[in-house]
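Here are some notes to read alongside the model.

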Amino acid sequence: MVERPTLPEICGYADRVRWALGMVAARTAQPVTSMELGERLDSRLPALHLDDKVSVLVEVDRATCPDRPLLSALVAARGNRVHPLYAPVLHHLDRQVPASGQAQASWEADVLEHRRRRSFEARQYRVIVQPLDRS
């Protein structure tokens, strides 16, 4: 039996996962698997109990505004499929949980919204430098 993480450990994992998913959202908005997160951040992440993984992702998105997609939506199952933890995380955050037949479409809409926001924010801060006309 694997020892379960404490609340401070869950919060520590969540801080690292939030940072990593924030970088993913800003750079590519391409979903990553929990195994990839484990390789990037902490090899213990993929081995966590499912309830602990939900707790980590809930903490990742606890402060996410209701009108924004969850950062945890950028965690995918293999084959770029909706992760089985997507619905429990939505439920714990009091967000609308899609019907089981609509989970993939709902998840894809969240990922698409991350891409749209990334594209918008990239254009919003474009700096154009032009030489001064000294005539």
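1. Let's begin at the end of a helix: α1 is followed by A29, whose phi is positive, near 55 degrees. Helices (H or I, at least four residues) and strands (E, at least two) are DSSP runs, numbered from the N terminus.

2. A word on what you are looking at. This is a predicted model, in which local features need pLDDT of at least 70 and side-chain atom pairs count only at pLDDT 80 or more, while totals for chains, interfaces and linings use all residues. Residues are numbered from 1 along each chain as its sequence is written, and side-chain values use heavy atoms, with hydrogens and water left out.

3. Now to α1 itself, residues 7-27. The helix has 21 residues and spans 30 Å from its first C-alpha to its last, close to the 30 Å expected at 1.5 Å a residue (the expected span is 1.5 Å times one less than the number of residues). Its buried residues are I10, Y13, A14, V17, A20, L21, V24 and A25. Seen down the axis of α1, these fall within an arc of 140 degrees, so they line one face of the helix; the arc is that of the directions from the helix axis to the C-beta atoms. On the face turned away from the buried side are the exposed residues P8, W19, A26 and R27. Here buried means under 20% relative accessible area, exposed over 50%, and partly exposed in between (1.4 Å probe, protein chains only).

4. Next, the largest nonpolar core. Such a core is a set of buried Ala, Val, Leu, Ile, Met, Phe, Trp, Tyr and Cys residues joined through side-chain atoms within 4.5 Å. Of its 32 residues, V17, L21, L37, V56, V60, V89 and W107 touch the most other members. Two or more residues come from each of α1, α3 (50-61), β2 (75-77), α4 (86-92) and α5 (103-124), and α1 gives the most, with eight.

5. W107 is worth a click. Leaving aside neighbours within four places in sequence, W107 is in contact (heavy atoms within 4.5 Å) with P31, A73, V75, A76, N80, R81, V82 and Y86.

6. Three strands form an open sheet in the order β1-β2-β3, with mixed pairing; two strands pair if DSSP finds at least two bridges between them. At the edges stand β1 (32-33) and β3 (81-82), each with a single partner strand, so one side of each is left without a neighbour in the sheet. The strands β1 and β2 run parallel and are joined by two bridges; T33 has A76 in β2 as its bridge partner.

7. Finally, the charged pairs. A search of the whole structure finds seven salt bridges, each a side-chain nitrogen of Lys or Arg within 4 Å of a carboxyl oxygen of Asp or Glu. One joins R4 and D52 (2.6 Å, N to O), linking the segment before α1 to helix α3 across 48 residues. R4 is partly exposed at 39% relative accessible area, whereas D52 is buried at 7%.

8. Another salt bridge pairs D42 with R16, the closest N and O atoms being 3.6 Å apart. D42 lies in the loop between α2 (34-40) and α3, and R16 in helix α1, so the pair ties together parts 26 residues apart in sequence.

9. Within α5, E113 and R117 also meet in a salt bridge (3.0 Å, N to O); being four residues apart, they are separated by about one helical turn.
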